[in-house]
Amino acid sequence: NNLLLEVKNLKKYFPITKGFLRKRVATVRAVDDISFFVREGETLGLVGESGCGKTTTGKVILRAYDPTDGDVILHVDGTEINVAKLSQKELKSVRRYMQMIFQDPFRSLNPRMTVRDIIGEPLIVNNVAKGKELDERIADLMRKVGLRPEYMKRYPHAFSGGQRQRISIARALALNPKLVICDEPVSALDVSIQAQVLNLLIDLQQEFKLTYLFISHDLSVVEHICDRVAVMYVGKIVELAKTEEIFENPKHPYTEALLSAVPKPDPKMKTHRILLKGEVPDASNPPSGCYFHPRCSYAKDICKEVRPELIDIGNEHYVACHFAKELNLKGIPIT
Ligand code: SF4
């Protein structure tokens with residue numbers, strides 16, 4: 001497939017200031033020089049613990065935050081648009097290509113707006129439809145996400161968590177986007193509802209030819225929806241590969257630890273839960289060398305001094321670990 005999105009050397013630093021003069025006392029490197037691409041129609045997972053920079057990455061791609069440096073290239077209808085370099089005015093016409101679905105459907109919907117107004121807003125703002133045609137478009141979107149159009153005049157509080165997430169999805173799809181950034185779209189939902197919403201996202205992807213960037217801390221969710229997975233740690237990508245490779249043949253000790261926490265499908269399977277030492281480091285003051293070295297049970301002297309680059313070890317598998325080719329790490333079978 002063709003490329004839809006290329007992220008090149010993307011950085012987002014937040015200054016921490018102090019006092020009346022706002023003197024800069026530290027810099028949080030929330031996204032620290034990351035590069036990846038997403039092909040048309042595929043789903044790339046972005047995983048890691050909270051605070052690793054995955055949501056910030058999504059927001060910088062959408063230009064909810066301006067990047068500190070780097071490029072975000074969107075390929076649309078044969079043209080390349082560098083979203084990172086657009087002015088606010090130029091961004092307006094590009095925004096419809098990229099939409100975001102948020103984690104918390106309770107907070108992301110305005111409680112004072114009816115479902116009709118919520119889903120219809122992007123269509124009205126962009127002069128896509130009005131009057132009867134608008135209502136037909138809204139009804140059609142509601143049907144597509146499994147909601148009954150006769151509930152159009154109701155307010156979000158009248159819907160369950162799963163239904164509210166369906167409303168957010170309908171709103172995100174209103175302008176026929178190319179890329180949808182799903183930020184933990186099922187983690188606020190009951191486990192019983194999670195699979196339904198994931199299946200809906202998969203069906204809609206095929207119907208609307210969507211490309212997803214799927215942000216999650218939960219590898220068992222990622223397994224079902226992603227074609228490839230990028231693992232982030234303290235603002236950097238430490239491993240990126242096809243989902244099957246990540247699960248069955250991890251090459252970074254951090255990925256191995258995350259996988260060890262995934263519930264096993266077969267209760268007879270031996271668990272080898274790896275408990276990581278210490279906390280996720282502060283992104284304003286990361287450790288020397290490999291950021292993971294204070295928590296890594298495979299660390300050697302070089303790890304404290306030299307930061308490993310993300311290198312291609314073949315088969316579209318990228319790893320940032322000095323010992324990626326030597327370590328014999330444990331994965332888990334994909335179900
Ligand atoms: Fe562990 Fe060293 Fe690899 Fe970092 S470079 S993940 S500390 S073995």
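# Rings, ligand shell and backbone of a predicted model

Biologist: Is Tyr254 buried or exposed?

Modeller: Tyr254 is buried, with a relative accessible area of 0%. Please keep in mind that this is a predicted model.

Biologist: Where does Tyr254 lie?

Modeller: Tyr254 belongs to helix α9.

Biologist: And which residue does Tyr254 form an aromatic pair with?

Modeller: Its partner is Phe292, in an edge-to-face pair with 5.3 Å from centre to centre and 65° between the planes. Tyr254 sits in helix α9 (residues 253–260) and Phe292 in the loop between α9 and α10 (301–305), so this pair ties together parts that are 38 residues apart in sequence. Both Tyr254 and Phe292 are buried.

Biologist: Which residues do ring pairs link into a cluster?

Modeller: Tyr233, Tyr254 and Phe292 are linked into a cluster by ring pairs.

Biologist: How many aromatic pairs does the count come to?

Modeller: The count comes to five aromatic pairs. One of them is formed by Phe14 and Tyr65, which is edge-to-face with 5.4 Å centre to centre and 85° between the planes.

Biologist: Which parts does the pair of Phe14 and Tyr65 tie together?

Modeller: Phe14 comes from strand β1 (residues 3–18), while Tyr65 comes from the loop between α1 (54–61) and β4 (69–76), so the pair ties together parts that are 51 residues apart in sequence.

Biologist: Is Phe14 buried, exposed or partly exposed? What about Tyr65?

Modeller: Phe14 is partly exposed, having a relative accessible area of 28%. Tyr65 also counts as partly exposed, at 29% relative accessibility.

Biologist: Strand β1 again: what is the place of Asn9?

Modeller: Asn9 is in strand β1. Its relative accessibility is 42%, so Asn9 counts as partly exposed. From C-alpha to C-alpha, Asn9 and Val222 are 24 Å apart in space and 213 residues apart in sequence.

Biologist: A change of topic, to charges and rings. Which ring face does Arg154 lie over?

Modeller: Arg154 lies over the face of Tyr151, at 4.0 Å from the ring centre. Elsewhere, Lys300 lies over the face of Phe323, at 4.5 Å from the ring centre.

Biologist: Now the ligand. Which residues around the ligand come nearest?

Modeller: There are 13 residues around the ligand, and Cys290, Cys296, Cys303, Cys321 and His322 come nearest.

Biologist: What does the shell around the ligand have, by class?

Modeller: The shell has ten nonpolar residues, three polar residues and no charged ones.

Biologist: What is the space taken by the ligand?

Modeller: That space is the largest cavity.

Biologist: Finally, the backbone. What is the phi of Arg63?

Modeller: Arg63 has a positive phi of about 65°, although it is not a glycine. Most residues other than glycine have a negative phi.

Biologist: Where does Arg63 lie? Is Arg63 buried or exposed?

Modeller: Arg63 is located in the loop between α1 and β4. Arg63 is buried, with a relative accessible area of 7%.

Biologist: And what is the phi of Lys209?

Modeller: Lys209, which is not a glycine, has a positive phi of about 50°. The loop between α6 (191–208) and β8 (211–216) holds Lys209. Lys209 is exposed, with a relative accessible area of 68%, whereas Arg63 is buried.

Methods. Residues are numbered from 1 along each chain as its sequence is written. This is a predicted model: local features need pLDDT of at least 70, side-chain atom pairs count only at pLDDT 80 or more; totals for chains, interfaces and linings use all residues. Side-chain values use heavy atoms; hydrogens and water are left out. A residue is near a molecule or strand if one of its heavy atoms lies within 4 Å of it. On a 1 Å grid over the protein atoms alone, a cavity is a set of points where a 1.4 Å probe fits but cannot get out, and a pocket is an open set with protein on both sides within 12 Å along at least five of seven lines; lining residues have an atom within 4 Å of a point. A molecule sits in a cavity or pocket if more than half of its atoms lie within 2 Å of its grid points. Ala, Val, Leu, Ile, Met, Phe, Trp, Tyr, Cys and Pro count as nonpolar, Asp, Glu, Lys and Arg as charged, and the others, Gly among them, as polar. Rings of Phe, Tyr and Trp (its six-membered ring) pair if their centres lie within 6.5 Å; planes under 30 degrees apart count as stacked, over 60 as edge-to-face and the rest as tilted. Helices (H or I, at least four residues) and strands (E, at least two) are DSSP runs, numbered from the N terminus. Buried means under 20% relative accessible area, exposed over 50%, partly exposed in between (1.4 Å probe, protein chains only). A charge sits over a ring if NZ of Lys or CZ of Arg is within 6 Å of the ring centre and within 35 degrees of the ring normal.
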